[in-house]
Amino acid sequence: MKLKADQEQAAYLVLKGLAFFAGCPEDALKAILLTLDGREFAAGKVILMDQEIGKTLFILASGSVGVFKRFGGEKKQLATLKGPDVFGERTMFEESPASALVKSIDKCTVYALEKAHFDTIAAQFPVILEVVKKNMEELRQKRITPSAAPKDTQD
């Protein structure tokens, strides 16, 4: 559902505060804001399925999500993300399926940015392509933590 006027300011502050969009021109962020869909998820709801072909960047505004992957038939929790953060970022640049399942841990507010909208905005503001790609790589490097062992979880 498109953001209501009273949600736009909060969403804009989230966008401005995310490292993922650091360095993007103000006008580009405002254009992105106008395309966002707001979604609410109760605790325990699947937001993104493993191997799902997605074309959406999820901006976790509030709440937390678990990132899960199956290894040898066992579901392991790889990470916990807390708002504000992003997930599903690969879909902005790669045509590949999701690499993990993402499920809400508690009530979450999520803003969805569809790839088609991002592409339209990137055509208007080409600088955001390189900025966001660079930021995405830095985010991926931070998320790779060899010392963090996956946790066993129950469905």
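## Ala-28 and its contacts

Ala-28 touches Ile-121, Phe-125 and Ile-128, leaving out residues up to four places away in sequence. This is a predicted model. Ala-28 sits in helix α2. The residue is buried, because its relative accessible area of 0% falls under the 20% limit.

Helix α3 has buried residues: Lys-115, Phe-118, Ile-121 and Ala-122. They lie on the same side of α3, because they cover an arc of only 125° around the axis.

What covers the buried residues of α3? The cover includes α2, β8 and α4.

## Packing of α3 against α4

Two packed helices are described by the angle between their axes and the distance between the axes. For α3 and α4, the angle is about 125° and the axes are 7 Å apart. The two helices are therefore oblique to each other. On the α3 side, Phe-118, Ile-121 and Ala-122 make the contact. On the α4 side, the contact is made by Ile-128, Leu-129 and Val-132.

## Nonpolar cores

In soluble globular proteins, nonpolar side chains tend to be buried together. The largest nonpolar core here has 30 residues. Which of its members touch the most others? They are Phe-20, Phe-21, Leu-36 and Ile-59. Elements giving two or more residues to this core are the helices α1 (5-17), α2 (26-33), α3 (115-124) and α4 (127-143), along with the strands β3 (56-62) and β8 (108-114). Another core lies apart from it, with 14 residues, among them Phe-41, Val-65, Ala-100 and Val-102.

Leu-36 has contacts in several parts of the sequence, not counting residues up to four places away. Its partners include Met-1, Lys-2 and Leu-3. Ala-11 and Leu-15 are also among them. Further along the chain, Leu-36 touches Ile-59, Tyr-111, Ala-112 and Leu-113.

## The loop between α1 and α2

Ala-22 lies in the loop between α1 and α2. Buried, exposed or partly exposed: which describes Ala-22? Ala-22 is partly exposed, because its relative accessible area is 38%. Leaving aside neighbours within four places in sequence, Ala-22 is in contact with Val-131 and Asn-135. Ala-22 and Ile-128 are 106 residues apart in sequence, yet their C-alpha atoms are 9.5 Å apart in space.

## Cysteines

A disulfide is a covalent bond between the sulfur atoms of two cysteines. How many disulfides does this model have? The count is zero. Cys-24 is buried, with a relative accessible area of 9%. Cys-108 is buried too, at 0% relative accessibility.

## Backbone details

Gly-83 and Pro-84 are joined by a cis peptide bond, with omega about 0°. Pro-84 is in the loop between β5 (74-82) and β6 (85-87).

Gln-51 is a residue other than glycine with a positive phi, near 75°. Where does Gln-51 lie? Gln-51 is in the loop between β2 (46-48) and β3. With a relative accessible area of 48%, Gln-51 counts as partly exposed.

Key:
Residues are numbered from 1 along each chain as its sequence is written. This is a predicted model: local features need pLDDT of at least 70, side-chain atom pairs count only at pLDDT 80 or more; totals for chains, interfaces and linings use all residues. Side-chain values use heavy atoms; hydrogens and water are left out. A nonpolar core is a set of buried Ala, Val, Leu, Ile, Met, Phe, Trp, Tyr and Cys residues joined through side-chain atoms within 4.5 Å. Buried means under 20% relative accessible area, exposed over 50%, partly exposed in between (1.4 Å probe, protein chains only). Helices (H or I, at least four residues) and strands (E, at least two) are DSSP runs, numbered from the N terminus. Contact means heavy atoms within 4.5 Å. A disulfide is a pair of cysteine sulfur atoms within 2.5 Å. The arc is that of the directions from the helix axis to the C-beta atoms. Axes are lines fitted to C-alpha atoms, for helices over the stretch in contact, and angles run from 0 to 180 degrees between N-to-C directions. Angles under 35 degrees count as roughly parallel, over 145 as roughly antiparallel, 65 to 115 as roughly perpendicular and the rest as oblique.
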